[in-house]
Amino acid sequence: MGNVYVLDHPLIQHKLTYIRKKSTGTKEFRELVDEVAGLMAFEITRDLPVEEITIDTPVTQAKTKTLSGKKIGLVPILRAGLGMVDGILSLIPAAKVGHVGLYRDPETLKPVEYYIKLPSDIEERELIVIDPMLATGGSANDAIHSLKKRGAKNIKLMCLIAAPEGVEVIKEEHPDVDIYLASLDEKLDEKGYIVPGLGDAGDRLFGTK
């Protein structure tokens, strides 16, 4: 069963306060999202397997640890997910990056993929699906279904903030997916915005309205 982890590290919580602030401009907002994504990456990779190897230091031989096993794949959901990728890559530069773009058909209400490009060895990688906001859960749910359809077996979801409604959708549809958040917020409002939230993450990242 997938778990929900709220990462309450003081640095994450401090920076999230400024991400939420209405007065925070685009440049600072972008930098803060980048930094929080990097800090969250520490926690989300805590259980990566390691193996012992022998190396030569300038002084002597030493037994030390290196990452082993599954490789990492980052899959931002377009477009807001792009704002978190660099912060994670600064810690895991060898990670491959895929992209998923989806919209919902206004008539059928079914998800339509308008763009998807993934690493060729997706089934062998531990994938981190990235989206700053988990509101209704629709986009993340559709993206995870798209990955599973293509053979992905090991998926985590990483978001800055979430509404309980979105968390419940992912837990119900994808009980095997762990969810990592900087904050679990109060609710969705009648327009589908997270409360208290941070507004529209894509608009604030890219300076659009």
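The questions and answers below concern a predicted model.

Q: How many helices and strands are in the chain, and why is the chain called as compact as a globular protein of its length?
A: The chain has six helices and 13 strands. The globule rule gives 17 Å for 209 residues. The chain counts as compact as a globular protein of that length because its radius of gyration is close to that value, at 18 Å.

Q: Which residues form the aromatic pair, and is the pair stacked or edge-to-face?
A: The structure holds one aromatic pair. Its members are Tyr-5 and Tyr-180, with ring centres 4.8 Å apart. Planes under 30 degrees apart count as stacked; here the angle is 20 degrees, so the pair is stacked.

Q: Is Tyr-180 buried or exposed?
A: Buried means under 20% relative accessible area. Tyr-5, at 33%, is partly exposed. Tyr-180 has a relative accessible area of 6%, so Tyr-180 is buried.

Q: Which residues does Lys-71 touch, not counting residues up to four places away in sequence?
A: Lys-71 lies in strand β4, residues 71-76. Beyond four places in sequence, Lys-71 touches Glu-124, Arg-125 and Glu-126.

Note on methods
Residues numbered from 1 in each chain as written. Predicted model: local features only at pLDDT ≥ 70, side-chain atom pairs only at ≥ 80, totals over all residues. Heavy atoms only, no water. Phe/Tyr/Trp six-rings, centres within 6.5 Å; stacked < 30°, edge-to-face > 60°. Buried < 20%, exposed > 50% of the residue type's maximum accessible area, 1.4 Å probe, protein only. Helix = DSSP H or I, 4+ residues; strand = E, 2+ residues; numbered from the N terminus. Contact = heavy atoms within 4.5 Å. Rg over C-alpha atoms; globule rule 2.2 N^0.38 Å.
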